Amino acid sequence: MFSATLKSIRGHVGRTVATAAAVILGISFLAGTLIFTDSVQRAFDDLFATVFETTDAQVRSAETIDVGFGLEIRSRISQSVVDEVAAVDGVAAVDGFVQGTATVIDADGEPIGNPGQGPPTFGFSWTEDDELSQFTVADGREPSGPGEVVLDETTAETGNLQVGDRVRILTSSGSEEFDLVGVARFGTSGSIGGATTALFELGEAQRVLAAEGQVDAIGVRAESGLTEDEVVARVAEVLADDLEVITGTEATDEAQSAVRDGLSFFTIFLTAFAVIAIFVSAFVIANTFSILIAQRTREFALFRALGAARGQILSSVFVEAIIVGLAGSLLGVGLGIGLSFGLRAMLEGFGLELPSGGLVVLPRTIVVSLVMGTLVTVASALFPAIRAARITPVEALRESSAEAWQRNNVRFFIGIVIVALGAVAILFGLLAPEIGLAGLGAGVMFIGVFVLGPTIARPVARWLGMPIAALRGTTGKLARENSMRNPKRTARTAAALTIGVALVAGVTVLASSLAKSIEDTIGEQFVGDFVVDSGAFGPGGGFSPALTAALSELEVAEVVTGIRVGIGEIEGDGDFFSVLDPQTAFEVFDVGVIEGTAADLTDDAIFLFDDRAEDLGVAVGDSVTVKFPDGRDRSLTVAGLYTEPALAGNQAISQGLYESTGAEQLDLATYLLVADGVVFDEARAAITEVTDQYPNATVQDRDEYIETQSESLDLILNLIYGLLGLAIIIAAFGIANTLRLSTIERTREIGLLRAVGMTRAQVQSTIRWEAVITALFGAILGVILGLFFGYAIIFALRDQGVSSFDVPIAALGLVVVLAAVVGLVASIVPSIRASRLNILEAIATE
């Protein structure tokens, strides 16, 4: 039987390749993701190992605030510590380091980088000790005093800036011009992962980054002959309890770990889509093997008649599945190497510059790919193999190769139950929240639809085929009859497309609902007229409060208020804080204050979202312990509660309070209410005149701002669509493969039709319209599932201010049309091959 299996594979190479195509595509994405992330991690590991090579120790604050998302804020320390560390016996050199936010303006007056949707924009102090410095001058010289700056090489090239130019840089201190005295490289790379970096002399950095008399960390180089551990032990003796010292090796490990954590989200994101692609592949493989088993019924019957046991038939199918899985997985790894370059290009398209390095293909990648591809293929072939093993010689020799259809109410009931169980798991998973459970529920729902599909495919195909039959005549009727003839095949073929369309439709519904929620929320809560927006969404982005102060001086504006985002801990939990000016904020925002007044938000008070207050177990008048980046614990009085967290977040504090913490102050946006009697065009002109000094600030009226915020999802949405496209491509391969195999099955039928006068064009038309009906069936099921997925997520987010469920009819209609086009394209090759069959040979086929 093993020899016969190998002969069968060699004799049907095209069939084997077509079956393996789904495995190749699915595994290629998994392998490409692993190769890409391993290569990037290795490159960054080498880069940080180089830049920290001569750092023996690092001194920093022991006080940290972790708000998740890989964002950890550490308190600054007094510059006096630098002298204390320098005096330690065995210390050869020390250098204080300051870090903040700085936006560089290019030669055309546009900001370089977009921290809202890309890498951060850094402002650093230049390290004077060459051996401790992570940057090396590539052109010009290092900064030596006020008014001078050095840019990283990538930023200078992107901004068309050269040594000797005057460069405008925006910091929390305001908008200033500096002399560009040098261009530097970060280790062996042109930048820190694509981040924009402006480097100042230490004193100048402290001024522009609001760190007077402070540093963020201190680099230490030991004298020759002293180990890292020895210098760390000596330095630790002179440090206060709120400071800590780590070795250069630990600093390297932390930097490498930070990159690993930063890549983890991207890796998980890509791996999730790889799993989706493999899941879709499984349906395609299962359908292909089901058709092959049906077509090889006589072949298996002959083996049984000659004495082959059921176990041997079962083993034969499994051996073929293993060979297909292994071959497809190996080819998938090869394709994944090429795909890894595409992923690199995509990431660099988002502005992330990756350090150069060799391709890393770890044994783990090959093993995981081979095991995953083979297991999925064998598992997909399981039920077809069992069906083949149950064939008796007499039954098989009497039956045709086509699977007979009969109504199965039990299957219908089982399918409904599985779908319901999957839906319940999704809802529980989203509400818990347990994303793994929700993902499992989605998989169960797809399996339920796979079980249910054959029981509804016949009536749905009849309904979908009616207009085609009416418009296309004979070919349309034949296409409809072919779709109805074997509803199992129609449903199985459509299953893979159903998954892809369901996910696309779900994302479309979710995005539309989120956009509608954003429009409704801002429309209801923002009562101002204009917004000056920085485009940033959190800490590390924004413009100087000096811009807000300048706008406050305008006569055209009645109310001007800036909004910031702060970082802190409340009762030990890291979180973001909305930082408001209580005298003006509540005049342009309605956040549903139910207790307290604007005057109550003093510098020793806090306002809480009412659900947040309930979680903390506090009420108005109670106190909560809050810690900000300066490391001090503060007892703040709960002075007010509000019901709308969309704009104000979970907690709000005054700007005066946050300024007292020494944290970097940047306004994300400034909101304005125009004075009575002022023409809007005049107001815009006056506002724009002030913002011209801040190219990262965009002036928008209320409607423009609402539209911009609702469009903020477009970037990630397009990325998701692009990645889901792979699932659609795999589904298209499945449709094409099924049509090719079914054409082989109907060879004699096609020959007879050609003999009685059907033209080649009519044969092609029949097969194409059959593919369209199949694709529409899958698309309609997918849209129904997508609507449920979208609604379930929106329902789970209802407590987060997402209250609108919006069904984008036009967009979903376009998805269905595109699915039909996918079916049409997939049918091109099979239809042409069918139309070219030799009539006499086809009629003679058994």
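**Aspartate 179**

I looked up aspartate 179 and found it in strand S12, residues 174-186. Strands are DSSP runs of E with at least two residues, helices are runs of H or I with at least four, and both are numbered from the N terminus. The model is predicted: local features need pLDDT of at least 70, side-chain atom pairs count only at pLDDT 80 or more, and totals for chains, interfaces and linings use all residues. Residues are numbered from 1 along each chain as its sequence is written, and side-chain values use heavy atoms, with hydrogens and water left out.

Aspartate 179 counts as partly exposed because its relative accessibility is 33%. The cut-offs are under 20% relative accessible area for buried, over 50% for exposed and partly exposed in between, with a 1.4 Å probe and protein chains only.

I then listed what aspartate 179 touches, leaving out residues up to four places away in sequence: Gly147, Glu148, Val149, Asp165 and Arg166. Contact here means heavy atoms within 4.5 Å. Aspartate 165 is 14 residues away along the chain, and its C-alpha atom is 6.1 Å from that of aspartate 179.

**Leucine 132**

I moved to the loop between strand S8 (121-125) and strand S9 (135-140), where leucine 132 sits. Leucine 132 has a relative accessible area of 5%, so I noted it as buried. Its contacts, neighbours within four places aside, include Thr54, Ala93, Val94, Gly219 and Arg221. I also took the C-alpha distance to phenylalanine 52: 7.5 Å, across 80 residues of sequence.

Asparagine 160 is in the loop between helix H4 (153-158) and strand S11 (166-171). It counts as exposed, because its relative accessibility is 55%.

At a relative accessible area of 41%, glutamate 571 is partly exposed.

**Cores**

I asked which residues have the most contacts inside the largest nonpolar core. They are Phe48, Phe135, Phe446, Leu497, Ile730 and Phe789, in a core of 120 residues. Helix H7 (residues 248-295) gives the largest share of this core, 18 residues. Domain 1 (53-248) and domain 2 (419-524 + 711-846) each supply at least three residues to this core. A nonpolar core is a set of buried Ala, Val, Leu, Ile, Met, Phe, Trp, Tyr and Cys residues joined through side-chain atoms within 4.5 Å.

Beyond four places in sequence, it touches Phe186, Thr252, Ala255, Gln256 and Val259. A second, separate core has 38 residues, among them Val149, Leu209, Ile218 and Ala222.

**Helix H7**

I compared the length of H7 with expectation. Its 48 residues should span 70 Å at 1.5 Å a residue, and its end C-alpha atoms are 67 Å apart, which agrees. The expected span is 1.5 Å times one less than the number of residues. H7 has a kink of about 30° centred on leucine 263. The bend is the angle between axes fitted to the seven residues ending at a residue and the seven starting there.

**Whole chain**

I counted 29 helices and 26 strands. Of the 846 residues, 53% are buried. The C-alpha trace spans about 95 × 75 × 55 Å along its principal axes.

Methods
Domains from an automatic or database assignment.
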